[in-house]
Amino acid sequence: MSEKTSAADFLPDGRSLRTLRQAALDCRGCELWKDATQTVFGAGPRKAKLMLVGEQPGDKEDLEGEPFVGPAGRVLDQALDAAEIARDDVYLTNAVKHFKWRPQGKRRLHQTPRAGEITACRPWLDAELEAVHPVGLLALGATAGKALFGAKVRVGKDRGRLLESPLAPVAGLTLHPSAVLRLRDHDEREEATATLVEDLRMLAGAVAEREAG
Ligand code: SF4
């Protein structure tokens, strides 16, 4: 049998979130499944108005099989709270559905997925976008930003404003909550958290405005 090179080979006929999630468990569209515990598919309501897309599951997400349940997820939860957005109303997912890591002692250190792995996983993200059809789409961090909006987007220059995208009527880019965690300086951390909250508010506000018509 020839080696599969994309998630497209594993997409099911049915396109409900439940069917997609089930099918994604068996995805072998790139090499990343080999060292991961399980597929971490997106989570949230099918009718979510807002979809947030991160890079890939982390260590805790890999073990639990749910997105944004580790330390970065806690930062995101705090930011969502501050922006007065209910997490349960949001669809959360990642550009890549398996945890990519390398060992360091007993720890598993995150590794950024390669462009080829992001491309291989893209059919799942496209299927989620099709199923949820969000009004607002927010990429968290550079990897998700590039996956959704192209290689030229940069968090530094493109966050804090709405982006044109065929993927959703309202689109934007902000930093990944794990970028907040990496900051050691208290003030820098506060500032980064405030940035995340500000961008979440902006997206949610633009979605509400659009919905109001
Ligand atoms: S990372 Fe994506 S394409 Fe690769 S095996 Fe996992 S689900 Fe499939």
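User: Which residues does Pro12 touch, leaving out those up to four places away in sequence?

Analyst: In this predicted model, Pro12 sits in the segment before helix 1. Not counting residues up to four places away in sequence, Pro12 touches Thr19, Leu20 and Ala23.

User: Does Pro12 count as buried, exposed or partly exposed, and what is its count of C-beta neighbours?

Analyst: A residue is buried at 20 or more C-beta neighbours within 10 Å and exposed at 12 or fewer. Pro12 has 14 such neighbours, so it falls in between and counts as partly exposed.

User: Which helix gives the largest share of the shell around the ligand?

Analyst: The ligand is surrounded by 16 residues, and Cys121 is among the closest, along with Cys27, Gly29, Cys30 and His98. By class the shell holds 10 nonpolar, 3 polar and 3 charged residues. The largest share, 4 residues, comes from helix 4 (residues 115-132).

User: What covers the buried residues of helix 4?

Analyst: The buried residues of helix 4 are Ile118, Ala120, Cys121, Trp124, Leu125, Ala127, Glu128 and Val132. Residues three or four places apart in an α-helix point the same way, because there are 3.6 residues a turn. The cover over the buried residues of helix 4 includes helix 1 (17-24), strand 1 (50-54), strand 2 (90-94) and helix 5 (142-149).

User: Is Phe68 buried or exposed?

Analyst: Phe68 lies in the loop between helix 2 (59-64) and helix 3 (71-82). Its phi is near 55°, a positive value in a residue other than glycine. Phe68 has 28 C-beta neighbours inside 10 Å, and therefore it counts as buried.

User: Is Glu84 buried or exposed?

Analyst: Glu84 is in the loop between helix 3 and strand 2. Although not a glycine, Glu84 has a positive phi of about 60°. With 10 C-beta neighbours inside 10 Å, Glu84 counts as exposed.

How values were computed:
Residues numbered from 1 in each chain as written. Predicted model: local features only at pLDDT ≥ 70, side-chain atom pairs only at ≥ 80, totals over all residues. Near = placed C-beta within 6 Å. Helix = DSSP H or I, 4+ residues; strand = E, 2+ residues; numbered from the N terminus. Nonpolar A, V, L, I, M, F, W, Y, C, P; charged D, E, K, R; others polar. Contact = placed C-beta atoms within 7 Å.
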